[in-house]
Amino acid sequence: SCGTDKIVSVEIYRSGKLFQSYHPGAEVVEFDEFDEEKFTGSLWYYVRVKQVDGHMAWSSPIWVDEEDRI
């Protein structure tokens, strides 16, 4: 994704807890993230982005059911 200023951090949350974080210091960030931990039922993920200028963005929750995993 592209920001309007340098991106301080990209944080991925898994069911409300920090799962992974990146600190790119650039306006453009690309990454692939895989969660191979086994689980039962369903989980939800969201992404939070913070910029140098203090602006922030959040994704909508992304729900994953156990049977939908590859």
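I first set my terms for accessibility: buried means under 20% relative accessible area, exposed means over 50%, and partly exposed lies in between (1.4 Å probe, protein chains only). The model is predicted, so I noted its limits: local features need pLDDT of at least 70, side-chain atom pairs count only at pLDDT 80 or more, and totals for chains, interfaces and linings use all residues. Residues are numbered from 1 along each chain as its sequence is written, and side-chain values use heavy atoms, with hydrogens and water left out.

**Entry: Glu 27**

I looked up Glu 27. Its relative accessibility is 41%, so I wrote it down as partly exposed. I found Glu 27 in strand S3, residues 26-28. Strands (E, at least two residues) and helices (H or I, at least four) are DSSP runs, numbered from the N terminus. I then checked Glu 27 against Tyr 46: they are 19 residues apart in sequence, and their C-alpha atoms are 20 Å apart in space.

**Entry: aromatic rings**

How is a pair of aromatic rings described? By the distance of the centres and the angle of the planes. For the cut-offs I noted that rings of Phe, Tyr and Trp (its six-membered ring) pair if their centres lie within 6.5 Å. Planes under 30 degrees apart count as stacked, over 60 as edge-to-face, and the rest as tilted.

How many aromatic pairs does the structure hold? I counted four. One of them, Tyr 13 with Tyr 46, is stacked, at 4.9 Å centre to centre with 10 degrees between the planes. Tyr 13 sits in strand S1 (residues 2-14) and Tyr 46 in strand S4 (residues 42-51), so this pair ties together parts 33 residues apart in sequence. Tyr 13 is buried at 10% relative accessible area. Tyr 46 is buried too, at 19%.

Next I took Phe 19 and Tyr 45. Their ring centres are 6.3 Å apart and their planes stand at 80 degrees, so the pair is edge-to-face. Phe 19 belongs to strand S2 (residues 17-22) and Tyr 45 to strand S4, so parts 26 residues apart in sequence are tied together. Phe 19 is partly exposed at 28%, whereas Tyr 45 is buried at 12%.

I also noted a cluster: ring pairs link Tyr 13, Trp 44, Tyr 46 and Trp 63.

**Entry: Ser 9**

Is Ser 9 buried or exposed? It is buried, at 3% relative accessibility. Ser 9 is placed in strand S1. I listed its contacts (heavy atoms within 4.5 Å). Leaving aside neighbours within four places in sequence, Ser 9 touches Tyr 22, His 23, Pro 24, Arg 48, Val 49 and Lys 50.
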